Amino acid sequence: MNTVSKNLNPDFWREIFVPMFRQEFRKITASSGHAITTSVATAVVLALFTYIFGDFFKEKLPEINADLAARALSHLITFTVIFTSFVVSHYAANKVRAPENWLGLLSFWGVNRRLIVSYRKFLAAIINLSSLAVVSVLLDQFLGALSWWQWALVPTLTVIGVVRYDFDLMISPRADPSSAHSGQDFSQGPLIAWRKSRIANSSWNGSSLRLISAIPIVFGTIAVLLGQHVEVGYLSSLVGGILLSWTVPLLIDDDLQTTWIERQAAVSHEDWMASWQRIFTGWALRMFVMTSIGYTVTLTASQLLSTAEEFKIAHIVSTLLINSLLAAFPVWLAPAFVMQIDGKKSATNIIMLTLVGIFAGSVVMAAPVAAPVLYLLHREAHRYQGGRFARGAYR
């Protein structure tokens with residue numbers, strides 16, 4: 001009887017790493033059409049974003065106040081670099097810690113766990129550093145020359161991203177799957193109940209944005225109370241609404257990773273999108289009500305403390321309605337755009353939603369009677385992205 005000797009110590013590079021690399025290369029090649037389309041769309045959005053803000057801060061604003069334009073451009077560049085670091089660090093951490101990542105298989109071949117963690121941190125640092133360097137070079141070429149301390153942000157934020165990776169490992173508990181089923185209210189439908197329970201019972205990327213979005217609105221109410229122009233309140237409300245709308249692509253991206261069950265259960269694009277639209281409409285209504293209450297109190301107090309003889313009720317009503325609409329419509333409108341390019345590209349969708357919010361918000365501020373146009377935009381955008389749920393989900 002012939003015995004076959006099995007090699008229990010395979011060559012890691014030749015028998016494990018090389019086949020994995022070839023598999024990844026074949027996967028990239030097979031989806032090259034989708035990757036090229038998404039990359040081109042992302043590049044167009046970024047180019048439009050850069051052109052609009054570059055033209056405003058380098059051409060239009062200097063005609064009004066050159067010193068203010070220089071300071072505003074410097075703040076915009078700094079914010080862009082910091083925001084890019086926040087997005088990229090999230091992306092890098094999710095990629096290197098993904099269960100299907102080949103680094104997770106190293107433990108089966110005797111590789112020390114600490115060494116695997118070091119590999120992951122090294123890859124995360126490379127992704128952070130290269131992305132921030134590319135963004136900084138593009139900003140320096142197309143928006144304005146970066147100062148030395150803005151260039152110093154690149155390595156500093158890279159180190160912070162790696163430290164944040166360690167911090168996430170220590171304090172970010174993964175949600176218990178069994179806890180997501182407890183306390184669900186199925187009166188609104190299982191699709192809505194399931195997603196609400198996930199939002200309430202787990203820590204998801206961007207959950208802090210719900211609190212951060214209230215900060216600009218509070219700032220705007222205080223500014224109006226102190227006698228600033230109502231336009232300051234309008235801009236503050238719009239910024240708060242846009243920040244809240246950023247949660248939509250983050251939640252959609254997270255949800256698309258687990259929608260294969262719903263695809264097999266023949267859940268349609270309309271049903272899936274309607275569940276998310278229902279949730280974000282509720283968020284928009286709460287934002288509208290909270291902003292209305294805040295500006296009602298602020299404007300009433302401002303009128304009572306002023307020396308004006310008449311109580312301008314019409315001014316109060318129009319101001320609080322415009323502010324409330326500016327704070328609420330971005331998150332309500334966001335589901336209609338989040339699948340236009342690719343639901344899995346949350347960073348691209350955040351940039352796109354920012355541009356849409358700025359354009360639509362400018363229309364509302366310039367001509368409040370044009371607010372019904374938002375409904376038409378919402379309806380047509382939903383119709384245009386119809387049917388993209390199935391092919392937009394993770395495979």
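Tutor: A point of terminology comes first: a helix axis is a line fitted to C-alpha atoms over the stretch in contact, and angles run from 0 to 180 degrees between N-to-C directions. Please note also that this is a predicted model.

Student: At what angle do helix α8 and helix α9 pack?
Tutor: Helix α8 (residues 214-225) packs on helix α9 (residues 230-245) at about 170°, and their axes are 7 Å apart. Angles over 145 degrees count as roughly antiparallel, so α8 is roughly antiparallel to α9.

Student: Which residues make the contact?
Tutor: On α8, Pro216, Ile217, Phe219, Gly220, Ala223 and Val224 take part; α9 contributes Val232, Gly233, Ser236, Ser237, Val239, Gly240 and Leu243.

Student: And how many of the residues in the contact of α8 with α9 are charged?
Tutor: There are no charged residues there; eight are nonpolar and five are polar.

Student: Changing topic: which residues touch the most other members in the largest nonpolar core?
Tutor: That core has 73 residues, and those with the most contacts to other members are Ile252, Trp272, Trp276, Trp283 and Phe337. Helix α12 (residues 269-305) gives the most to this core, namely 10 residues.

Student: What is Trp276 in contact with, sequence neighbours within four places aside?
Tutor: Its partners are Arg195, Ile199, Leu251, Ile252 and Asp255.

Student: Is Thr319 buried or exposed?
Tutor: Thr319, in helix α13 (residues 313-333), is buried because its relative accessibility is 1%, and the cut-off is under 20%. Beyond residues up to four places away in sequence, Thr319 touches Val230, Tyr234 and Leu299.

Note on methods. Residues numbered from 1 in each chain as written. Predicted model: local features only at pLDDT ≥ 70, side-chain atom pairs only at ≥ 80, totals over all residues. Heavy atoms only, no water. Core = buried A, V, L, I, M, F, W, Y, C linked by side-chain atoms within 4.5 Å. Buried < 20%, exposed > 50% of the residue type's maximum accessible area, 1.4 Å probe, protein only. Helix = DSSP H or I, 4+ residues; strand = E, 2+ residues; numbered from the N terminus. Contact = heavy atoms within 4.5 Å. Parallel < 35°, antiparallel > 145°, perpendicular 65-115°, else oblique. Nonpolar A, V, L, I, M, F, W, Y, C, P; charged D, E, K, R; others polar.
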